[in-house]
Amino acid sequence: MKLSDLEVYTEAMGNGQIVWEIVMKWDYFQKDTVGKQYVKAADSIASNISEGYGRFHFADAKNFYYYSRGSLSETFTWTEKALQRNFITQQEYDNLTAKLSILGKKLNNFIKKTGN
């Protein structure tokens, strides 16, 4: 199975793209303060899945999947901050947090199945 066949990975990639498209509309100060960290957190979800998937040992792979889950949590925080600071609309917030919640459930299931 290829990495691109993993639903959890493709959804993480899609969510990273959504965050990128949102942040690209912001002004310089918003991008420099919140935007950079927001994009890095969202992109780290998929990149850690990718790095874990490339590991030989299940325990090593699982560790990167845990990092991915941490990046997912951080992405929720930056989404909340973006809403509080009026960088995103309530609709963007609702849409993205719904997608992130679904991804979180899939990521947890993926972690549970790793090594079994």
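I began with helix H3, residues 58-84, which has 27 residues and reaches 39 Å from its first C-alpha to its last, close to the 39 Å expected at 1.5 Å a residue. That expected span is 1.5 Å times one less than the number of residues, and helices here are DSSP runs (H or I, at least four residues) numbered from the N terminus. I noted that this is a predicted model, in which local features need pLDDT of at least 70 and side-chain atom pairs count only at pLDDT 80 or more, while totals for chains, interfaces and linings use all residues. Residues are numbered from 1 along each chain as its sequence is written, and side-chain values use heavy atoms, with hydrogens and water left out.

Next I looked up which residues of H3 are buried (under 20% relative accessible area, with exposed over 50% and partly exposed in between, for a 1.4 Å probe and protein chains only). The list is Ala61, Phe64, Tyr65, Ser68, Ser71, Leu72, Thr75, Trp78, Thr79, Ala82 and Leu83. Their cover includes helix H2 (28-53) and helix H4 (90-113).

I then picked out Ser68 in H3, which counts as buried because its relative accessibility is 0%. Apart from neighbours within four places in sequence, Ser68 is in contact (heavy atoms within 4.5 Å) with Ile45, Asn48, Ile49 and Leu107.

Not counting residues up to four places away in sequence, Asn48 touches Phe64, Tyr65, Tyr67, Ser68 and Ser71. I also checked Ser47, likewise placed in helix H2, and found that Ser47 is partly exposed, with a relative accessible area of 40%. Ser47 and Ser68 are 21 residues apart in sequence and 7.8 Å apart in space, C-alpha to C-alpha.

Last, I turned to the pairing with H4. The axes of H3 and H4, taken as lines fitted to C-alpha atoms over the stretch in contact, with angles from 0 to 180 degrees between N-to-C directions, come within 10 Å and cross at roughly 165°. That makes H3 roughly antiparallel to H4, a term for angles over 145 degrees. The residues of this contact divide into twelve nonpolar, eight polar and three charged, where Ala, Val, Leu, Ile, Met, Phe, Trp, Tyr, Cys and Pro count as nonpolar, Asp, Glu, Lys and Arg as charged, and the others, Gly among them, as polar.

Key. Helix = DSSP H or I, 4+ residues; strand = E, 2+ residues; numbered from the N terminus. Parallel < 35°, antiparallel > 145°, perpendicular 65-115°, else oblique.
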